[in-house]
Amino acid sequence: MNKLRASAVAAILLTVPLVAGCAPTTAPADSGGVLSRFHDQQLEWAACEDETLASSGTECAMVTVPLDYADPAGRTMSVAISRIVSTDPSQRRGILQSNPGGPGGRGLGLPAILRSGMTAEVAKAYDVIGMDTRGLGKSTPVDCGVPQMSWMRSAGTDRSGFDENVTRAKEAADRCWEKYPDILPHINTQNIARDVDVIRAVLGESRTSFLGWSYGTFLGATYSQMFPDKIDRLVLDSAPDPAKYGITMFKDMAAANEKAIDDFSGWAATRNGEYALGSSAGEVRQGIEKLISDAAIKPIRVGDYTLDDHVLPFLMYANGVSDLDADNQTFAQVLVQLRDLAAGKSVDLHPMLVGLTQAWFETELGTGPDYSATLAILCGDATMPADPEWYWGEIQRHRVDQPIFAAVHNTITPCSFWRDAPPTPITIDNSTPALQIQAVGDTRTTYNQGLGMHQAMQGSRLVTIPGRIHAVFPSYGNECANAAVNDYLLDGSLPERDVICSE
């Protein structure tokens, strides 16, 4: 997203996309009608419980799906969905399902965001559908009571900090498996794609269109691979490379986030008179690095909490997602306040600083179900290296070229201690027509990663935009990209060739 929802773990983690390896590509047909009891269920739509959603005209309902699609007569789960209906049912084309990423991003509010960027004609054409994926939010949730950001916590500069990360990662995995041993094996992207298809059928549609951000693009691509005859129009906004996975994807973010710090530092240097962060880009960066290293000795007090060198890099990561002036200003204001707080000054805390601090520590105290869902999906999809020494070696190898983020994006994850092997991965390799939007400076799913998705989705057209943003449509405000999405959703025509947008 271009503006971080600081109170939501999923928005902060809108960066850990899932990919796949190799396997059969098409889901088995339901020739025996074993899913008919799910496809034929009747929904009860009502105003959403959340007042903001309700005021936007969003309705909510619950869909029942199998816990285990290999045993559809067995246990079930509930999946929460939302919709904003077509503005003119007489011109309605069908449904547009959506996912905001994560994995673990709550999706019930996404239809209202997408509708805000639609032209009047496109708003007539679709009921826009949102979803909290299985294990998340209003759906049947998993809440392991795990510390937030087991791998977003920087390992710091010494071995003791890394060893603590290892302990936290194992603790997170153990807590999840001790609480949900019968649920976790069934929370993965392949089953979420099957849920998407149940929702399609329940809504009475022979085909569905889909728009995903970040991880949501992998979900959409997986759906197109598993259900090739059920996909209509597919929009992939800020996509990962489906030929890579998990820790490799995460590692790739480090260099992109270091560049984001450099770019921001250049912006701040031209405004030294306003923020006094430094008169050159190098001076600004040096100040950020010093703020982090000093916090190792004397943590910074923010309200009831203290931020040390293990937590501060997360704030830099979260604030560096966008290069919009408003977001750069917020980043600068947060840095100024951190500097003042480190000097013992009293400040009126910026909402972003408050939100990120709460997101970190309040979840760490056990209120992190969104993070639990992130772990369930991520670790349910991929096997990651189990040897802690591998991660320690990667951190050491990147200390110089990644001074802020080496110890963040190369550290160990709870997936290293997951107790069950993921299902056989699915290769994304098809010619389904798709529109892909990718920003050159994306710090979450980097541009090179996006090129991998473009190659895997052979029928796709790539729309490249300049700048640093993750999740382009509609909020970044690039008219070229927004027009491409609206035109494609309206008439189904892809550009004749890949497009490079201007500012």
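**Figure 1. Ala47 and its partner across the strands.** In this predicted model, Ala47 sits opposite Glu59, a residue of strand S2. That pair belongs to the place where strand S1 (residues 46–47) lines up with strand S2 (residues 59–66). The two strands run antiparallel and are linked by 2 bridges.

**Figure 2. Where S2 meets S3.** Now follow S2 to strand S3 (residues 76–84), which it joins through 8 bridges. This pairing is antiparallel too. To find your way in, look for Pro66: its bridge partner in S3 is Thr76.

**Figure 3. The whole sheet, strand by strand.** How many strands form the open sheet? There are 10, and you can read them off in the order S1-S2-S3-S5-S4-S6-S7-S10-S11-S12, with mixed pairing. Its edge strands are S1 and S12 (499–500), each of which pairs on one side only.

**Figure 4. A parallel pair, S6 and S7.** Here, strand S6 (residues 208–213) and strand S7 (residues 231–237) go the parallel way, with 5 bridges between them. Phe210 makes a handy landmark, standing opposite Leu234 in S7.

**Figure 5. Two helices on the sheet.** Helix H7 (residues 189–202) packs on the sheet and touches S2, S3, S4 (94–99), S5 (126–132) and S6. Its direction makes about 120° with that of S2. Helix H19 (residues 479–491) packs on the sheet as well, and the strands it touches include S7, S10 (434–439) and S11 (460–465). Compare directions here and you get about 170° between H19 and S7.

**Figure 6. Helix against helix: H12 and H13.** Two packed helices are described by the angle between their axes and the distance between the axes. For helix H12 (residues 312–319) and helix H13 (residues 325–342), the angle is about 160° and the axes are 10 Å apart. Angles over 145 degrees count as roughly antiparallel, so H12 and H13 are roughly antiparallel to each other. Their crossing is right-handed. Leu312, Leu315, Met316 and Asn319 of H12 meet a set of H13 residues, among them Phe331, Val334 and Leu338. Which kinds of residue make up this contact of H12 with H13? They split into 7 nonpolar, 2 polar and no charged.

Figure 7. In total, the chain has 19 helices and 12 strands. Its radius of gyration is 22 Å, close to the 23 Å that the globule rule gives for 503 residues, so the chain is as compact as a globular protein of that length. Along the principal axes, its C-alpha atoms fill a box of roughly 65 × 50 × 40 Å.

Methods. Residues are numbered from 1 along each chain as its sequence is written. This is a predicted model: local features need pLDDT of at least 70, side-chain atom pairs count only at pLDDT 80 or more; totals for chains, interfaces and linings use all residues. Side-chain values use heavy atoms; hydrogens and water are left out. Two strands pair if DSSP finds at least two bridges between them. Helices (H or I, at least four residues) and strands (E, at least two) are DSSP runs, numbered from the N terminus. Contact means heavy atoms within 4.5 Å. Axes are lines fitted to C-alpha atoms, for helices over the stretch in contact, and angles run from 0 to 180 degrees between N-to-C directions. Angles under 35 degrees count as roughly parallel, over 145 as roughly antiparallel, 65 to 115 as roughly perpendicular and the rest as oblique. A crossing is left-handed if the near helix is turned anticlockwise from the far one by less than a right angle, and right-handed if clockwise. Ala, Val, Leu, Ile, Met, Phe, Trp, Tyr, Cys and Pro count as nonpolar, Asp, Glu, Lys and Arg as charged, and the others, Gly among them, as polar. The radius of gyration is taken over C-alpha atoms; the globule rule is 2.2 Å times the number of residues to the power 0.38.
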